[in-house]
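Thanks, everyone. I have one structure to go through today, so let me put it on the screen.

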Amino acid sequence: MSAQIVVTVIGHDPALSEEFKGEITTFLRGLEDVKIDSEVELSARAQDYFLSTSQSVSNLRQMLKTVESDNSDIIVQENSKFRKEKGLVVFDMDSTLIYQEVIELIAAYAQVEEKVAEITERAMNNELDFKQSLAERVGLLKGIKTATLYDEIKQKLRVTQGVPELCRGLKKMGCKLAVLSGGFTPFANHMKDVLELDFARANVLATENDPSQNGVEILSGHTIGDVVDGECKAQTLLELAREYKLPVESTVMVGDGGNDLPAMGVAGFGIAWNAKPRVQEAAPSKLNTQSLLDAFYIFGFTDAEIAALLA
Ligand SMILES: [Mg+2]
């Protein structure tokens, strides 16, 4: 019988030490009802351990926490063909595809940073839900001229290391790519264009023409339509899988926020990317490295296979 579970160890340093790899092997061998079928080196800093076991993924994940260092991520998943055969990868935008939070960039532009920070703080303390905090923050942007705002913010967006290569490699495999953002459409659509993604959904900022400024377009301080929150991200991921006629097992959600967890829950797999501890804990896996290209290790690709895909 083939291995049911694969454990992937990804180090944050350029190479996993022999000592650490030995520790993992010894630990896995010491577990009840676990047999290591094979070890595969994906990279100098990433290693797969294929296990025959009747232990569950979540049990193994809990147990492996005791050997995980601050310098490594240990990913436990079922060893199915869908690990490698990805049909749809959905990304969060802020602090995932890009390093920044767009609302903070807009707040700085509009010089309402303190007010926005205060609302964010209240949201973190659970005094406001996502919809309320979005409404309050967008309310602060009323009257801003859209043309210059959009141009200026787009220029400031910094794509996360490894993202262009990851997207290019996945697309070459025939995988569909989407961004679902709790931010705003001008910027999500911009990233869709830059990274050649298949789909983007974000909140729509309402605009109006200001008669006192020769009818120039300004923000009216609210959003139009459904707010893109955690539930919306989950539903959209499922809709996309249906539309593209893909098994949900072949879908992945990648994000850093609590509002990415519902989509991770319905997707075939989920990756918490440099996320808050609470999100890392609740997500199917976590990745705290420098480059999102390392997601390919989670999908079971060796350095040589990644290089061939990107060639
Ligand atoms: Mg985010």
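I will take a sheet with its helix, and then a metal site.

First, the conventions. This is a predicted model, in which local features need pLDDT of at least 70 and side-chain atom pairs count only at pLDDT 80 or more, while totals for chains, interfaces and linings use all residues. Residues are numbered from 1 along each chain as its sequence is written, and side-chain values use heavy atoms, with hydrogens and water left out.

Now the sheet. It is open and antiparallel, with four strands in the order E2-E3-E1-E4. Strands here are DSSP runs of E with at least two residues, helices are runs of H or I with at least four, and both are numbered from the N terminus. Two strands pair if DSSP finds at least two bridges between them. E2 (34-43) and E4 (72-78) are the edge strands with a single partner each, so one side of each has no neighbour in the sheet.

Inside the sheet, E1 (residues 5-11) pairs with E3 (residues 46-53) over six bridges, in the antiparallel sense. Ile 10 is opposite Ala 46 in E3.

Next, the metal. Which residues coordinate the magnesium ion? They are Asp 92 (OD), Asp 94 (O) and Asp 256 (OD), at 2.1 to 2.2 Å. Donors are N, O and S atoms within 2.8 Å of the metal, or 3.2 Å for Na, K and Ca; water is not among the atoms, so sites may look incomplete. Asp 94 sits in the loop between E5 (88-91) and H3 (102-110), and Asp 256 in the loop between E9 (251-255) and H10 (261-266), so the pair ties together parts 162 residues apart in sequence.

Back to the helix: H2 (residues 57-64) lies across E1, E2, E3 and E4, at about 165° to E4. Contact means heavy atoms within 4.5 Å; axes are lines fitted to C-alpha atoms, for helices over the stretch in contact, and angles run from 0 to 180 degrees between N-to-C directions.
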